[in-house]
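Please consult the sequence and structure shown here alongside the text.

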Amino acid sequence: MAEIRYLANRDIFKDDGFERIVVAARANAGLWLMIKERVVEKRAIKAQLLRRGAGVDDMDHLFPTDLTPTIAELAEGLVSAIFGSCPPEIRSRAQVALIEAAESELDGDSAHPSRGA
């Protein structure tokens, strides 16, 4: 398999590498459920912040996440399993792609381009 490091300079929304990561995550029901759980937890925390009048920047300080592994750890494990080692910025972009795909699915957006595997 090719290394993912070559994706760093490409546009994330045009690159099928990140779509491939999302498709692989969806194909693993347990992993996909964990990712969606973290997104739901993040939404609940944001709602609590809004009720308290705190900023989103205070999220980690006021409401540490209870679920482990974190989305970052899940994304890193998945990317490493698919592509091997890769730069941190690619793991970060993969994490964003996974979060966006999970949010889209939770919102019932059937028009999402990565949807369907």
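## Confidence and helix packing

In this predicted model, residues 110-117 keep a pLDDT under 50, and the model has 15 contacts for them beyond four places in sequence. The chain as a whole has a mean pLDDT of 76, with 69% of its residues at 70 or more. Among the elements of the chain, helix H5 has the highest mean pLDDT and helix H3 the lowest. For residues 1-14 the pLDDT is below 50, and this stretch has 24 contacts in the model beyond near neighbours in sequence.

| Element | Residues | Mean pLDDT |
|---|---|---|
| Helix H3 | residues 59-62 | 62 |
| Helix H5 | residues 88-106 | 91 |

How do helices H1 and H4 pack, and at what angle? Helix H1, spanning residues 16-27, packs with helix H4, residues 71-83, at about 110°, and their axes are 10 Å apart. An angle from 65 to 115 degrees counts as roughly perpendicular, and H1 and H4 therefore stand roughly perpendicular to each other. On the H1 side the contact is made by Gly-17, Arg-20, Ile-21, Ala-24 and Ala-25, and on the H4 side by Leu-78, Val-79, Ile-82 and Phe-83. Sorted by class, this contact of H1 with H4 comprises 7 nonpolar, 1 polar and 1 charged residues.

Helix H1 also holds Arg-26. Arg-26 counts as buried because its relative accessibility is 11%, the cut-off being under 20%. A polar atom of the Arg-26 side chain lies 3.5 Å from the backbone oxygen of Ala-101.

Methods: Residues are numbered from 1 along each chain as its sequence is written. This is a predicted model: local features need pLDDT of at least 70, side-chain atom pairs count only at pLDDT 80 or more; totals for chains, interfaces and linings use all residues. Side-chain values use heavy atoms; hydrogens and water are left out. Axes are lines fitted to C-alpha atoms, for helices over the stretch in contact, and angles run from 0 to 180 degrees between N-to-C directions. Helices (H or I, at least four residues) and strands (E, at least two) are DSSP runs, numbered from the N terminus. Angles under 35 degrees count as roughly parallel, over 145 as roughly antiparallel, 65 to 115 as roughly perpendicular and the rest as oblique. Contact means heavy atoms within 4.5 Å. Ala, Val, Leu, Ile, Met, Phe, Trp, Tyr, Cys and Pro count as nonpolar, Asp, Glu, Lys and Arg as charged, and the others, Gly among them, as polar. Buried means under 20% relative accessible area, exposed over 50%, partly exposed in between (1.4 Å probe, protein chains only). A polar contact is a pair of N or O atoms within 3.5 Å; within protein, one must be able to donate a hydrogen and the other to accept it, and residues adjacent in sequence count only if both atoms are side-chain atoms. pLDDT is the predictor's confidence in each residue, from 0 to 100.
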